[in-house]
Amino acid sequence: MWELFVEPWTMGAWMWRGTLAATLAAVPCALLGVFLYLRRMSLIADALTHVALPGIVAAFLLSGSVDPFTMLLGAAVVGVLASMAIEGLADKGGVRSDAAIGIVFTAFFSIGVIALSVGVENAHIDTACVLFGDVLGISNDSLILLGITAPAVMLLVGLFYRWLSLVSFDKGLAANLGVPVALVHYGLMGAVSVTSVASFEAIGAILAIAMIVVPAATAHILCDRLPWMLIVACAHGVFSAILGMYFAVWLDVSAAGAMVCVGGVLYALAFLGAPKHGVLVRWARRRARGSSTATSTTASLTATAGRGEPHPEVS
Amino acid sequence: MSVANVINALEIAEISARSLEFFSFKYAFVARALTASILVGGLCGAVGTFLVLRRLSLMGDAAGHSTLPGICVAFLLAGSVSTLPIMAGALVSALLAAIAVGVITRGPRSRSDAAIGIVLSVFFGAGIVLLSYIQRVATTSYAGLDAMLLGNVAGISPEQLIVLGVVTVLLGGATLLYLRPLSISTFDPGFAASVGIPVRAIHYGLLGALSLSVVVSVQAVGVVLVSAMLIIPGASAVYWFKRMPGVLAAAVGIGALSGALGAWTSYLFEGVSTGPAMVLVATTFFLSSLAFGPRGGLLWRAVRRRRRQRAMLANVSVSATGVR
Amino acid sequence: MSEAVLKVSGLTIAYDREPVVLDFSFEVMPGQLVGIVGPNGAGKSTMIKSLVGSIEADVGQVWVKGIEGRKSRRLLTYVPQRGSVDWDFPVTVYDVVKQGRYGKLGLLGRMSKKDRAIVDDALEKVAMQDFAGRQIGELSGGQQQRVFLARALAQQGDIYLLDEPFTGVDAKTEAAIVDVLRELRDQGAAVMVVHHDLSTVGEYFDTVMLMNKRLIAMGPTAEVFSKENLQKTYGGKLAIFDADAMTVVSQGGQAR
């Protein structure tokens with residue numbers, strides 16, 4: 001039984017490299033994901049991770065090189081542009097914010113895909129690899145990128161923690177106290193774009209959103225204080241990455257997909273069993289108190305989801 | 001296909017020849033493709049309009065991505081790519097995802113946007129795991145992957161087209177039949193409930209219709225971009241009309257046209273999948289609507305703002321002389 | 001003659017449609033406790049938000065302690081409406097009040113003993129010191145309001161802007177808050193409060209500001225809070241049940 005866990009490490013350097021890459025990708029995603037999640041910007045993160053693709057393609061087409069840093073720059077620029085487009089549409093264009101996200105990211109993504117298939121001669125950027133990653137065959141370039149991005153993000157989050165937490169909690173007070181709210185916001189967007197690109201080979205574009213949202217959501221159920229939430233989110237991400245790698249090796253399936261599934265299972269466990277807020281725990285507590293509201297938990301969980309937001313109207 | 005080829009293809013003669021080929025229905029698959037694109041565009045445009053107006057746009061994204069595990073499981077169980085099992089699998093998967101979003105939103109420390117993000121990505125991740133297993137075990141080609149993700153309407157089979165047609169007729173009929181309760185519950189749910197309209201049932205019905213539409217549209221547009229065909233036509237239509245019949249008609253029109261033009265563009269240029277092509281056409285319609293649409297379009301707003309500013313300045317200068 | 005601690009001239013705010021605040025000008029002196037009243041949609045919150053800097057005004061100038069420009073807005077202490085806060089956010093009562101010191105501490109500054117004392121003191125003033133470790137979602141409406149007031153106190157400013165602090169709050173909390181505001185006023189601060197309950201205006205505020213998009217009247221409550229001014233402000237949507245204009249009870253058909 002013990003061998004099962006030890007054996008993969010002996011199979012070749014790829015297991016070490018892959019796990020390292022996945023872990024290095026998971027940490028900045030989790031950290032940034034906490035702030036995005038708290039600001040109710042999870043779906044903007046979805047947009048940004050998809051938009052990293054046209055960012056890379058644009059960088060390649062304009063500069064002609066596949067130099068990793070050019071890609072990062074391209075992604076950051078396009079990411080910030082996309083988030084400005086989303087906000088512009090939502091604030092000035094009268095588009096509902098969720099529709100704005102959907103429109104911008106699918107449009108950018110489509111441009112990216114078309115530019116990719118039409119403008120780029122095969123090899124370097126391969127659609128499936130870009131979408132799902134190829135962590136088991138991860139290149140040195142990617143490892144270096146991750147090796148720089150992960151500590152950089154950790155450092156930035158640590159340095160700007162006060163501003164990030166204040167802007168996420170109470171933008172009004174932040175503005176009142178002189179915090180440069182717009183800078184923090186676009187800095188966050190840029191960081192997400194850069195992290196997405198750095199993580200491309202490890203987890204791909206489409207699944208990066210999982211590494212951003214799921215750890216944060218899990219940590220929120222378990223924690224009452226922000227510093228702990230950041231730590232738990234990182235732990236969730238790293239654990240998902242490592243266990244996901246194991247499953248990928250044992251079952252010979254996609255590593256990125258396996259990591260996401262493990263993350264999902266962890267979330268479900270927290271959802272049900274978290275000490276303070278877990279659904280089953282609450283239910284058990286109510287039963288212990290002997291009230292008849294125990295059944296209402298199930299009822300309320302399966303009741304109508306209702307609307308995303310109240311009061312739709314045609315603007 | 002390189003950049004040089006693109007430039008060559010832009011030769012007008014070449015384009016005309018291929019277009020004629022396309023529209024003359026020289027090949028049966030082209031006729032099927034065009035019909036399918038129009039149906040998909042119109043259907044998604046109609047269903048999506050309600051999503052957009054109810055701020056459920058990104059449920060469409062979740063529905064699209066969440067079909068993947070269902071498709072894979074159906075393939076493994078049925079052992080083939082025949083239409084009905086695959087679509088059934090996709091449908092079950094999408095419905096489960098919709099339920100999951102609801103459950104998570106009702107749960108502890110929940111946020112509805114995160115719920116969509118979680119369900120979308122975890123379902124898709126599960127789908128990727130199954131897909132990688134299938135690719136190892138079965139002999140499906142890599143091209144199939146691209147088609148499923150980004151759409152390849154040219155590959156639509158007669159069975160798929162029939163199912164698409166049936167679903168379009170059914171949902172289109174249902175929309176027309178229930179147009180009044182649908183519209184009222186969209187614009188004023190409180191009032192709707194008070195006059196006995198079954199708001200909850202409508203909500204579930206809409207999610208079911210969403211799942212169905214997504215399932216039949218995936219072949220044309222692909223899993224990743226089907227949400228665009230749901231959102232963009234409806235979002236564009238509201239710049240032209242205020243009331244529901246007009247908005248719906250415009251959305252269906254824009255969607256169908258985007259579908260047709262997208263399929264045509266995809267046929268013209270070999271490397272271009274239909275999904276992205278349709279989305280870009282639709283986006284062009286959206287941008288035009290945003291700029292020029294009479295109801296809230298930028299051009300009209302600028303005109304009205306200038307008129308109002310002139311009036312306001314006149315007002316202020318008069319009143320400044322005696323407020324307190 | 002003391003200098004106006006807050007001066008506003010010609011403030012106009014329009015959300016791309018009709019103006020919400022129109023040509024607003026006023027002055028506030030230290031030691032004033034001002035109640036801002038007007039019907040719903042009169043622009044009260046909007047006006048406050050633009051003073052603090054979270055909304056851009058189209059026209060107008062604002063001087064805080066004689067200094068104009070965005071930087072001076074930091075001298076204003078703002079207590080927002082309770083509804084706009086995210087109660088699920090992983091912060092405790094202590095964390096929230098601590099935020100009041102961030103203005104002085106900047107991005108990386110450490111909390112000194114003095115800062116901690118200020119935070120503890122603010123918590124005590126609102127009687128929330130026993131709740132310091134609780135996550136804010138666990139509190140009642142009145143307790144939440146008190147925490148945000150404590151944060152404002154921790155900022156140690158001398159110009160306070162509060163947006164409907166008494167909405168949805170129990171009587172005991174309301175009385176406690178009024179006491180704190182009075183104490184601030186007595187110490188020389190200027191306090192402006194957007195207020196929704198006409199029946200308590202006379203009791204709480206020495207100065208009152210009546211607005212409905214424009215400034216209708218501003219001055220000592222006894223003089224300005226009159227039947228005619230109220231009619232002008234509420235435009236006939238008001239029913240005054242007592243001959244004495246100071247005990248106005250209902251507005252717009254809603255009985256209290």
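**Close-up views of a predicted model**

View 1. Val104(A) counts as buried because 26 C-beta neighbours lie inside 10 Å (buried: 20 or more other C-beta atoms within 10 Å of the residue's own, with C-beta atoms placed from the backbone). Val104(A) belongs to helix α5 (residues 97-119) of chain A; helices are DSSP runs of H or I with at least four residues, strands are runs of E with at least two, and both are numbered from the N terminus. Leaving aside residues up to four places away in sequence, Val104(A) touches Ala47(A), Ala82(A), Ala85(A), Ile86(A) and Leu89(A) (contact: C-beta atoms, placed from the backbone, within 7 Å). Val51(A) is 53 residues apart from Val104(A) along the chain, with 8.9 Å between their C-alpha atoms.

Residues are numbered from 1 along each chain as its sequence is written, and chains are lettered from A in the order in which they are written. In this predicted model, local features need pLDDT of at least 70 and side-chain atom pairs 80 or more, whereas totals for chains, interfaces and linings use all residues.

**View 2. The open sheet of chain C.** Four antiparallel strands follow the order β2-β1-β4-β5 (strands pair if DSSP finds at least two bridges between them). Since β2 (19-28) and β5 (67-68) of chain C each have a single partner strand, they stand at the edges, and one side of each is left without a neighbour in the sheet. Strand β1 (residues 6-14) of chain C is joined to β2(C) by six bridges; Ile13(C) has Val21(C) as its bridge partner in β2(C).

**View 3. The contact between chains A and C.** Chain A contributes 19 residues and chain C 19 residues. On the side of chain A, α8 (161-169), α9 (171-176) and α12 (226-251) give two or more residues.

Technical notes:
Contact = placed C-beta atoms within 7 Å. Buried ≥ 20, exposed ≤ 12 C-beta atoms within 10 Å, placed from the backbone.
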